[in-house]
Amino acid sequence: MLLLVLALAACAVSADGPAGGPAYVLGGTPTDETTPMRSCDPAVLATLEQIEIPAPVEGWSGTPQAVSVFNVFAGEVMIGLGDRVVCGRMHDARTRDPRFRASVGLVVVPEAGSREPVRVGWRTPLKAHWIPGIRIGAPSAIQQEDTLRLVVRTSCLAIALALAFSALMGFVGARDRTFLGHVGMCVTLLLWQATLGGLSGFPQPWLPIGEQESHWQVALAALSFAAIAYGISAQTGIAGQRPRLRRATRWAIRVLIALGLLAPLVPVSALTALWWIADRIFLLTVIGLSLLACLSIRRSDRRAVAALAASLPFLLLAVPIINSSPTVAAYRIEIVQLVLTWFLVVMAYTLTTRYGQLRAQRDAMRQLADTDPLTGLPNRRAGLVRLDEAFAVARRHGIPLSVGFVDVDLFKRINDVHGHDVGDRVLITVADALVAVTRNADEVMRMGGEEFLVLLPGLAGAAAHARLETIRRRIGELAPMLDVPGLHFTASIGLASLTAADESPAALLRRADDAMYRAKHAGRDQVVGDGSWPAASSG
């Protein structure tokens, strides 16, 4: 209520406007920083592959032309027209035209009728099919496409970050190392996506990539392959069905990790071969896990469905006709990021399923720990907890509370004469009768041996005594139901009601226990109160 009042007051203040304050907020400071576009070093230009975008047959129209270069993973990108030549790096947004956020771009205005071509240059890609894309056209359309690319890339990073945080919270709740593995997997794929799309340098570099983009690409690619293989095999649990495939997958993951750690140490000329090796190991691992998933689906294995769903997009991207298609080439970064995001979502599903299984196992273990295996009633441990809860509620709300301590008379003789099997049947029958009379299984618990505790919340004095008398009579009528010749059993019950002098549930339980022993010493088959209620005849 207080928060609601404060919120309404804040809304009222906002509606009235600032009292005596400025009518606007001014931020930032003047600067003498020049445009981030910069000229190209001639030595750098000599190392770049260059193409020319020819002018229309009739020459340039004289209107502005936007040129956008994307899918360049390392090195400088050059764009030039005439004497104007500029360079920029995808991994440092400070070197690029700020009108282009997911690419290196430039807006030029060729002279009307001029046929001078636009020149574009870039470093030779590490992978043959991972080629740059170039767009030229009206600035508005080109910049909108560039913005759309940025939205897709940042969204994929945001999803990976959110899933990592969710898995971290899951680890805090479940204390299962699988959740930490998922966190590491999300962070690794996030970093790879950031280096793929150049977001490691947007709005300014936040990864120490510098001029080592190629080394970072190969290292994070190999580590990401290892994380994906780990996710498909370990997190879905599918590799556990085949020991040989499990061992092979583990070795593949180790080799991929080793390649990732080795990448920063090798020369640029060796990176292409290193990436090729990592690609092949990853592809063979995913093919093996996918085949196993297909075989397991026939056995209705839900884990196999998740494993196949996670690995199938990677297999499709490896198909040559898909890998070399113009659409994939133009939107390779976005497609790869969407595939990685799909993989992380599927893995998050398996993690959620695992969390549900862990909760079910925990609940089952707690149920086993709190339940008497013979009668199905709460055991002594759970009974004491529930007595504590009932005691606290009675104290807090000022309501009556009574407890009955039930002991089956001469139970050892029943075991000696009729056998332990009959003794167990007696206990089960007594337990069922106690639940039937109280109408709440949570208010009856087996304290051990032939002793039971009955909670009577809301009852005290004569009402509690009457309820326990009903229980006593009902127990005395149970023997014929077991159809055991010569079997007869009764129960002695001690009653204690909560008083102001009771400082703890233990005091209440102790008085009930003492009253039960007085019932036994008085001849058994009786309900004896804790001092204020006389024994009732056995009838």
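## Lining of the largest pocket

Five helices each supply at least two residues of the lining of the largest pocket: H5 (213-235), H7 (268-297), H8 (302-318), H9 (320-323) and H11 (332-370). Helices (H or I, at least four residues) and strands (E, at least two) are DSSP runs, numbered from the N terminus. The largest share of this lining, 7 residues, comes from H7. The structure is a predicted model, in which local features need pLDDT of at least 70 and side-chain atom pairs count only at pLDDT 80 or more, while totals for chains, interfaces and linings use all residues. Residues are numbered from 1 along each chain as its sequence is written, and side-chain values use heavy atoms, with hydrogens and water left out.

The volume of the largest pocket is about 670 Å³. On a 1 Å grid over the protein atoms alone, a pocket is an open set of points with protein on both sides within 12 Å along at least five of seven lines, whereas a cavity is a set of points where a 1.4 Å probe fits but cannot get out; lining residues have an atom within 4 Å of a point. Grid points are joined across faces, edges and corners, and a volume is the space filled by probe spheres set on the points. In the largest pocket, 25 residues form the lining, and those nearest its centre are Lys127, Trp130, Asp279, Leu317 and Asn323. By class, this lining has 18 nonpolar, 3 polar and 4 charged residues. Here Ala, Val, Leu, Ile, Met, Phe, Trp, Tyr, Cys and Pro count as nonpolar, Asp, Glu, Lys and Arg as charged, and the others, Gly among them, as polar.

The model holds 2 cavities of 30 Å³ or more. The largest cavity has a volume of about 150 Å³. Its lining comprises 15 residues, of which Phe73, Ala74, Thr124, Pro125 and Leu126 are the closest to the centre. The classes represented there are 9 nonpolar, 4 polar and 2 charged residues.

By class, the lining of the second largest cavity has 7 nonpolar, 5 polar and 1 charged residues.

Asn71 is found in the loop between strand E2 (65-70) and strand E3 (76-81). With a relative accessible area of 3%, Asn71 is buried (buried means under 20% relative accessible area, exposed over 50%, partly exposed in between, with a 1.4 Å probe and protein chains only). Not counting residues up to four places away in sequence, the contacts of Asn71 include Arg149, Arg153, Tyr331 and Ile333, a contact being heavy atoms within 4.5 Å. A polar atom of the Asn71 side chain lies 2.7 Å from the backbone oxygen of Ala329, and the side chain of Asn71 also reaches the backbone oxygen of Ala330 at 3.3 Å.

His91 lies in the loop between E4 and strand E5 (104-108) and is buried at a relative accessible area of 7%. The backbone oxygen of Phe73 is 3.2 Å from a polar atom of the His91 side chain. Beyond neighbours within four places in sequence, His91 is in contact with residues including Phe73, Ala194, Gly198 and Gln217. His91 and Gly197, 106 residues apart in sequence, are 8.4 Å apart in space, C-alpha to C-alpha.

Arg89 lies in strand E4 (residues 84-89) and counts as buried at 10% relative accessibility. Leaving aside neighbours within four places in sequence, Arg89 is in contact with residues including Arg38, Glu76, Glu211 and Glu213.

Ser290 lies in helix H7 and is buried, at 5% relative accessibility. Its side chain is joined to that of Ser311 by a polar contact of 2.9 Å; a polar contact is a pair of N or O atoms within 3.5 Å, where within protein one must be able to donate a hydrogen and the other to accept it, and residues adjacent in sequence count only if both atoms are side-chain atoms. Not counting residues up to four places away in sequence, Ser290 touches Leu308, Ser311 and Leu315.

## Confidence of the model

The average pLDDT of the chain is 87, and 91% of the residues score at least 70. Over residues 532-539 the pLDDT is below 50, and this stretch has 19 contacts in the model beyond near neighbours in sequence. The pLDDT is the predictor's confidence in each residue, from 0 to 100.
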